[in-house]
Amino acid sequence: MTDLDATDQAILDELRRDARTSMTAIADTVHISRAGAHARIKRLTDAGVITGYTVRTDPVQLGHHASAYVMLAIEQATWQDVQARLRAIPEVEHMALVGGDFDVILLVRASDARDLRRIVLEDIQAIPSIRSTRTTLIFEDFGRE
């Protein structure tokens, strides 16, 4: 769906800012009726533009005191298997297939440095078709507000 107008964009901006925003508040903010806001959100959802709603959390408050981006070089023909195995690792918060020096980038959250070491060395590197990894520690997260 590529024909998003300014009102659609404004609705999406409001939902990105706070997915719990009421339909009435969205309608007031973008200057349309509540029914119009509801219809647009339904259309955006049905079209696959809105794929779900989520909550942002503070990893440290959840006990994740060590976070890292882990870049993987993999055997190309094994992507589906690698993806399935990585999804089974609960500490992998986000995964992206990318182009460049590496094939996959992971966001990994761990309780501490020792736990992060275990995840990278014992869980991730144990997947046979992963050729190499590079780990970059995250000192502080800055999310969109």
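These legends describe close-up views of a predicted model.

**View A. Helix 4 and its buried residues.**
Helix 4 runs over residues 79-87. Four of its residues are buried: W79, V82, Q83 and L86. Why do these residues lie on the same side of helix 4? They cover an arc of only 100° around the axis, and therefore share that side.

**View B. What covers helix 4.**
The cover over the buried residues of helix 4 includes both strands and a helix. Among the strands are strand 1 (66-74), strand 2 (92-97) and strand 3 (104-110). Helix 5 (113-124) is also part of the cover.

**View C. The salt bridge between D8 and R40.**
The whole structure holds 12 salt bridges. In one of them, the side chains of D8 and R40 meet, with N to O at 2.8 Å. This pair links distant parts of the chain. D8 sits in helix 1 (residues 6-17), and R40 sits in helix 3 (residues 34-46). The two are 32 residues apart. Is D8 buried or exposed? D8 has 1% relative accessibility, so it counts as buried.

**View D. The salt bridge between D8 and R43.**
The side chain of D8 also meets that of R43 in a salt bridge. Here the N to O distance is 2.8 Å. Again the pair links distant parts of the chain, with D8 in helix 1 and R43 in helix 3. They are 35 residues apart. R43 has a relative accessible area of 33%, so it is partly exposed. D8, at 1% relative accessibility, is buried.

**View E. The salt-bridge network around D8.**
Which residues are linked in this network of salt bridges? They are D5, D8, R40 and R43. Within it, D8 meets R40, and D8 meets R43.

R118 forms a salt bridge with D115. Their closest N and O atoms are 2.8 Å apart. Both residues lie in helix 5. They are three residues apart, about one turn of the helix. R118 has 27% relative accessibility, so it counts as partly exposed. D115 has 17%, so it counts as buried. The cut-off for buried is under 20% relative accessible area.

Note on methods. Residues numbered from 1 in each chain as written. Predicted model: local features only at pLDDT ≥ 70, side-chain atom pairs only at ≥ 80, totals over all residues. Heavy atoms only, no water. Buried < 20%, exposed > 50% of the residue type's maximum accessible area, 1.4 Å probe, protein only. Arc of directions from axis to C-beta. Contact = heavy atoms within 4.5 Å. Salt bridge = Lys/Arg side-chain N within 4 Å of Asp/Glu carboxyl O.
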